[in-house]
Amino acid sequence: MTSQMSSLSRRRLLGAAGAAAGAVALTPSWASANAAQESEFAPADRGRLPEKPNILVILADDLGWADLSCYGAPEIRTPHLDRLALSGIRFTDGYAASPLCSPTRFGLYTGRYPGRLAGGLAEPIVRPNETDGIPLDRPTLAGMLKEQGYTTRMFGKWHCGYLPWFSPTRVGWDEFFGAMGGAVDYFSKINPNGDFDLYENEVQVEDLGYFTDLITDRTVDFIREKHRKPWLANVNFTTPHWPWEGPKDVAISKELTARTLAGETGDNGALAHWDGGSREVFKEMVEGLDAAVGKILEALDATGQRRNTVVLFTSDNGGERWSNMWPLYGNKGDTREGGVRVPAILSWPGTLPGRKVSSTPVITMDWTATFVELGAAAPDPAHPFDGVSLVDHLLRGKPAPGHDLFWRMRNSRALRRGDWKFYYSALPQPGMPRPTPQLYNLAVDQREFANLATKEPRKLSELVEAWEAINATLLPYPPPTNG
């Protein structure tokens with residue numbers, strides 16, 4: 001392992017411990033703001049479905065499971081997202097395809113495990129190269145819906161490959177406005193490599209406005225256009241990913257940008273902002289994200305499109321540093337619950353019931369399969385989905401799919417089957433002298449503290465075997481690079 005990887009691993013472990021310690025302090029206040037108004041979702045046949053609804057996918061960045069008030073944040077207020085949840089279904093067991101940014105986006109856009117593509121093995125994609133990206137010949141959510149007559153747009157963070165090899169407009173999105181990479185300064189649009197990263201399609205554009213506001217304004221403008229065809233809009237906020245900058249933190253932006261351009265680059269450079277931020281700044285960023293979602297929903301209402309638009313709000317992975325995952329353990333970068341379980345809200349007024357909460361486990365690729373079915377499209381037989389459509393369960397009265405949820409990272413792995421979860425990490429674990437397979441019953445132990453591997457060896461073996469079977473179909477990781 002390189003010294004950089006070792007440093008990053010240590011930081012992740014310390015971050016996980018810090019998140020757990022912070023969560024303990026917040027325990028007495030934990031409660032969903034919507035709990036008193038919600039009831040359990042029950043499958044039912046909703047009758048004839050509207051044809052080809054608009055599809056709006058709003059993706060937050062590094063938002064932890066308990067960072068919204070409707071998921072229990074004790075001091076953060078997110079009234080717009082709370083209302084969105086009350087207008088549909090709030091999933092308590094929603095999962096990201098990966099505990100890191102770009103692999104989850106591979107899962108969302110292709111409907112397949114990130115490890116089926118070379119670019120999906122990057123954890124995450126950091127620098128431009130001709131390997132790490134979605135190949136131009138691979139079917140995507142946008143491409144499949146476009147074939148069915150959809151207008152397709154992407155606003156915000158792409159993070160599935162850099163120019164000149166990759167871009168969203170080459171794999172199905174009609175137009176794109178945003179950043180190609182994984183993070184940018186919210187004002188200068190400088191990325192951790194020291195490169196300017198703001199594009200209109202594939203042309204660099206300059207705008208020093210706050211990035212969250214720019215994404216919101218572009219999305220609202222698109223919604224207000226006169227639409228003659230159904231549309232897909234992927235709205236990919238970088239909020240609340242580092243650097244920790246609120247809408248008024250121009251001075252911080254200038255400092256971090258100057259340090260980056262002076263040579264403090266990379267994942268541990270100035271923009272990673274290890275020497276800054278606070279829970280208060282994080283709170284401001286999340287509440288700003290909530291306000292942005294409110295403006296987008298207001299545009300849907302004002303244009304009469306709300307009832308014909310399926311809205312999904314979720315996150316690309318669990319939170320880090322200032323985030324709150326309580327009662328889960330772990331954070332971004334790890335396949336424990338805190339790294340992969342995320343908020344997931346689905347709303348479609350008039351078609352889906354409101355004020356519902358569901359404990360059905362769902363993962364990123366399931367949303368892809370669901371939206372493709374709603375858009376009257378179908379996966380390419382040569383590239384079948386790893387996700388399962390939820391249409392039958394949500395809209396036709398069928399039981400939940402009940403499929404295995406699988407995660408693979410270079411240093412950790414996990415599989416959930418029902419309430420049971422297999423977990424393994426090659427990194428040091430508290431109370432364990434060496435890496436060892438672990439088994440948890442999430443129905444009684446969401447924090448993954450009671451390792452039942454010794455008590456339930458058959459169940460552990462069953463889950464390990466299932467994980468290995470899926471792993472055997474994926475690309476192997478390349479050897480770690482030195483230096």
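**Stop 1: strand E10**

Both faces of E10 are covered, with Thr309, Val311, Phe313 and Ser315 buried on one side and Val310, Leu312 and Thr314 buried on the other. Helices (H or I, at least four residues) and strands (E, at least two) are DSSP runs, numbered from the N terminus. Buried means under 20% relative accessible area, exposed over 50%, and partly exposed in between (1.4 Å probe, protein chains only). Select residues 309-315: 7 of the 7 residues of E10 are buried, so the strand is largely enclosed by the rest of the structure. In a regular strand the side chains alternate between the two faces of the sheet.

This is a predicted model: local features need pLDDT of at least 70 and side-chain atom pairs count only at pLDDT 80 or more, while totals for chains, interfaces and linings use all residues. Residues are numbered from 1 along each chain as its sequence is written, and side-chain values use heavy atoms, with hydrogens and water left out.

Two strands pair if DSSP finds at least two bridges between them. Leu59 stands opposite Thr314 in E10.

**Stop 2: Thr351**

Move on to the loop between strand E11 (344-347) and strand E12 (356-358), where Thr351 is placed. Is Thr351 buried or exposed? Thr351 counts as buried, at 12% relative accessibility. Not counting residues up to four places away in sequence, Thr351 touches Arg46, Leu49, Pro50 and Leu395; contact means heavy atoms within 4.5 Å.

**Stop 3: the sheet E14 to E17**

Select the open sheet of 4 strands, in the order E14-E15-E16-E17 with antiparallel pairing. Strand E14 (405-408) and strand E17 (438-441) stand at the edges with a single partner strand each, so one side of each is left without a neighbour in the sheet. On average, neighbouring strands of this sheet are turned by 10° against each other, direction ignored. Axes are lines fitted to C-alpha atoms, for helices over the stretch in contact, and angles run from 0 to 180 degrees between N-to-C directions.

Strand E16 (residues 420-425) pairs with E17 in the antiparallel sense over 4 bridges, and Phe422 stands opposite Leu439 in E17. Now show helix H11 (residues 457-471), which packs on the sheet and touches E14, strand E15 (412-417), E16 and E17. The direction of H11 makes about 115° with that of E15.

In the loop between E16 and E17, pick Pro435. Pro435 is partly exposed, with a relative accessible area of 42%. Leaving aside neighbours within four places in sequence, Pro435 is in contact with Tyr424, Ser425 and Ala426.

**Stop 4: the cavities**

The structure holds 4 cavities of 30 Å³ or more. On a 1 Å grid over the protein atoms alone, a cavity is a set of points where a 1.4 Å probe fits but cannot get out, and lining residues have an atom within 4 Å of a point. Grid points are joined across faces, edges and corners, and a volume is the space filled by probe spheres set on the points.

About 120 Å³ of space lies in the largest cavity. Of its 15 lining residues, Pro114, Gly115, Gly120, Arg408 and Tyr477 lie nearest its centre. E14 gives the largest share of this lining, 3 residues.

Finally, the second largest cavity has about 80 Å³ of space. Among the residues that line the second largest cavity are Arg112, Arg138, Asp380 and His383.

Key. 1 Å grid on protein atoms, 1.4 Å probe; cavity = no way out; pocket = protein on both sides within 12 Å on 5 of 7 lines; lining within 4 Å.
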